[in-house]
Each structure stands twice: as structure tokens, then as C-alpha cells.
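Please open the model in your viewer and keep the selection tool at hand. The stops below are meant to be taken one after another.

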Amino acid sequence: MGVRPSRRAALLALVALSGVAGWVVWRATQAPGPRLVAVDVGEGLPRSGQWRQGFALADVDGDGVPELLHGPPRKGEAKPVIFRRAADGRWARWSAARFAPLRYAYGDAAVADFDGDGNADLALAMHVAPPVLLRGDGSGAFEPFAADLGAAVPGFSSRAAAVVDWNGDGRADLALLGEGPTGLGRGPRPAGVRIVTRGDDGTWHVEALPGRAPLNFGDSMAAGDLDGDGRADLAVSSGRMGRRDLAHLSGRGGAAVEIDCLGERALARAVAIVELDAAPPAELIVAQRRFDGATWTSTVYAARWRDERWECRPLVDGVAADVRAVAAGDADGDGAADVAFTDGNGRLRLLLGDNRGAWREAHLQMPAPSGCAGHRLAFADLDGDGRDEIVASFAGEPERDRCASGGAIAAWRFIAP
């Protein structure tokens, strides 16, 4: 059984904690899970600036510790940035990082060894700009590949990217989701999914995945084996009301499959794929924002493909604020998949799984939310202790969104008090 849905938003209660000021406790209307304390492990990460839409956590310098790679912040400096985490836990900008003098904009980042030379390369999907792919040399320099990725996807812009071995050849491919109405140029609005592969001769090949017209667009996508056939599939969000054709199954030629058990009259705001479950296929997490004729509320669903159909259950229902980011990992180190999500006010919630289909919402002690919208989440074991930390990016307009700082990047470890 999953967590029972609730039509009421989670209650936010201020508590007086001995020696700790400004903390809040999240109380779910369901029976509470274990109490966890958020420990800040983000010292040195930016505490201001509009850090949207997404980022990547990957070891780009070969030291065994993940770095954080982010495109330029919105309305900020016009180049990407890499943050490294030192042995003492502090983050700092990597001074050796050098990027080719190209046009950069905020968007999403993906990291993989796209050319097989053993070094991490960087793909950037950017708002109202063509995507770029930069070859890394392992020591901080990133230069364009000889072939122009932008020329391979003319008129296409994106704010969501994912690494996927789409054709099953053992090499990393790049998936991009069109950003829709605010996209590049005055021509057709970029929508749908593009798969970018690199041939042996260094040229880029682009495949547009099939889908019903008009095509989906959005700001979130994820890769994983959704149907249990051993091949990577894709899930996408959608900025079109009522669209539920969110899964692209590679074994079916990439055709979009409708997840008909999701709610109607809703926007699929964010997706994640849970792959820590002991039994395939992977589970798809979808955050939907729905309108009931009077108010908007959000539901976080878990969907699984079984016997040629989707089975869905709500993990959390009736969330008042807009849920814009979801991610999966193992925050408590028990080997079972957990799910985290953030909303438009910057609140973080954590659902702890048991790999048997049950989820409990953790009772979190965290700093009060800043009012800046959460845009992306990622789990990663930053210190090698066997449990994942959670990294989150936030952004907002200070004069409009109660987001005085404009945003931030934060990281937490969760422990028992």
C-alpha cells in the first residue's frame, strides 16, 4: 500500500528547538514517518541568484567526488559554472574550469563521456538558444566538438536534458525536450523529444521521437527502464493541459505512451524515475498540478508498467503549492528508494520507501523556506558514506515571488536527531 492521499495541504508548524532558531517541522496529515534533521552540507554554494532550471552532479575531474555543474544563472553571469567539494565538505568554484566563448543561457546540464575518450563532456540545454555540447579534457577545459550540435537541431531550444543509451550500443546519447512557446526564433515553437547520437565519424545524428500533435513541451525529463525490457526509456513533463502521453518506450520505437491513470485537467510539472527498487521495471514519479474549477492543487503519483498497462497511486495529494521538482535516491541509507520534491515556495518534502511499495513521509526539521521556487533536485552520495545527500536549486523574482535572494543552491544530509 502507498501513502494514503490527503485532500489537505501539509501543515507547517513552527516549533521551538533547543539552541536552534528559525527551524520548522513539516507535519503531514498522514501518520508521520521518522523524524529527520537536515544538516547543511552546502557551505560555499551560492546563496543568491536565480539558479534555474537544472544542473548535473558528476565527477568531471576524476577524483571520485561529484562536482556540481550548472549553466549560467538567469539574469547573472553569462557562462556556466562548476563547484567542487573539498575534503572538509566546503564547496568552491573550480578556478581551473574554462569554457569556450559561446552564447550561454540558463537551462539544464547533462554530463557524460560522449566521445569515449575517458573524460566527462558537458551538454547544455538553454532557454531561447541552441543546445551546445562541450568536450572536456579532464582538467577543467571545455571546448566545442568539431561538429556543431546546434546545426543538427536547427530552431530547437530546450530547458530539459538527459543522458540515455537510446539505441543500446553502450554509448551515451543525449535527450532534449523542447521548451515550447517561449522557445527559439519566430518559426514553429520547439516541442517534442530529440535524441542526439554521435556517429563514428564525429557527426551528430538527430532523431525526433513520435508523439501525437501538438507535441509536448516542458522543463523536466528522466531516463530509465520503464517497461522492464532492459533498455532505457524516457519520461517527460508537459506544459499542455491534460496531456498524459509522458512515457517514450524505446522498445516501441520511442512512441509516446499515455499514462491514463493520472489525473485529468492537469499539468505534468515534473518527472523522476526510481531505479533502486529490487524488482524491475522502474517506477515513474509524476508531479501533477490540477485545476478543480476553483483552485489549483498538486499530486505526486507513482506509476508502474505492469501487464501492458499503467498502475498509478498517489503518494501525496492536495499540495497547495506548485510542485516543480521531484527526484529519487536513498536519503536514509537503507537501500530502498526515497522520493523528494520541492514546491513553488521552496519547501522540501521527503518520502521514504521500503522497496515493497510502501512510502512514509519523513518528519523533517529544516530551515524555514525562503519563498524561492524549487526548480531542480538531485540525490548523490557526496561523501561516500552510503547514503545520499540532496542538492536543490531555487530561483524567483525578488520583487514578485517573496524570494528576497533571487534564489540559491542548497545541499543537505538527513540524520536522526
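This is a predicted model: local features need pLDDT of at least 70, side-chain atom pairs count only at pLDDT 80 or more; totals for chains, interfaces and linings use all residues.

Residues are numbered from 1 along each chain as its sequence is written, and side-chain values use heavy atoms, with hydrogens and water left out.

**Aromatic rings**

A pair of aromatic rings is described by the distance of the centres and the angle of the planes. Here rings of Phe, Tyr and Trp (its six-membered ring) pair if their centres lie within 6.5 Å, and planes under 30 degrees apart count as stacked, over 60 as edge-to-face and the rest as tilted. By this rule the structure has six aromatic pairs.

Select Phe-145 and Trp-204 to begin with: their ring centres are 5.4 Å apart and their planes stand at 80°, so this pair is edge-to-face. Phe-145 belongs to the loop between strand S12 (141–144) and helix H1 (149–152), whereas Trp-204 belongs to strand S16 (residues 204–208), so the pair ties together parts that are 59 residues apart in sequence. Helices (H or I, at least four residues) and strands (E, at least two) are DSSP runs, numbered from the N terminus. Phe-145 is buried, with a relative accessible area of 4%, and Trp-204 is also counted as buried, at 11%; buried means under 20% relative accessible area, exposed over 50%, and partly exposed in between (1.4 Å probe, protein chains only).

Next, select Phe-291 and Trp-296, whose ring centres are 5.1 Å apart with planes at 35°, so the pair is tilted. Phe-291 is partly exposed, with a relative accessible area of 25%, and Trp-296 is partly exposed at 35%.

**Backbone features**

Most residues other than glycine have a negative phi, and most peptide bonds are trans. With that in mind, select Arg-52 and Gln-53, which are joined by a cis peptide bond with omega of about 0°; Gln-53 is placed in the loop between strand S3 (35–40) and strand S4 (55–58). Another cis peptide bond joins Ala-213 and Pro-214, with omega of about -10°, and Pro-214 is found in the loop between S16 and strand S17 (221–224).

Then move to Arg-265, which has a positive phi of about 50° although it is not a glycine, and which is found in the loop between strand S20 (256–258) and strand S21 (266–274). Arg-402 also has a positive phi, near 55°; its place is in the loop between strand S31 (389–395) and S32, and at 63% relative accessibility Arg-402 counts as exposed.

**A polar contact**

Select Thr-299 in strand S23 (residues 296–306), which counts as buried at 1% relative accessibility. The side chain of Thr-299 makes a polar contact with the side chain of Asp-317, at 2.5 Å; a polar contact is a pair of N or O atoms within 3.5 Å, where within protein one must be able to donate a hydrogen and the other to accept it, and residues adjacent in sequence count only if both atoms are side-chain atoms.

On a 1 Å grid over the protein atoms alone, a cavity is a set of points where a 1.4 Å probe fits but cannot get out, and a pocket is an open set with protein on both sides within 12 Å along at least five of seven lines; lining residues have an atom within 4 Å of a point. Grid points are joined across faces, edges and corners, and a volume is the space filled by probe spheres set on the points.

Which residues lie nearest the centre of the second largest pocket? Select Pro-367, Ala-368, Ser-370, Ala-410 and Trp-412, which hold that place among its 19 lining residues. This pocket has a volume of about 360 Å³, and strand S32 (407–415) gives the most to its lining, with five residues.

Finally, the structure holds three cavities of 30 Å³ or more, and the largest cavity has a volume of about 70 Å³. To find the largest cavity, select residues from its lining, including Gly-192, Leu-209, Arg-243 and His-248.
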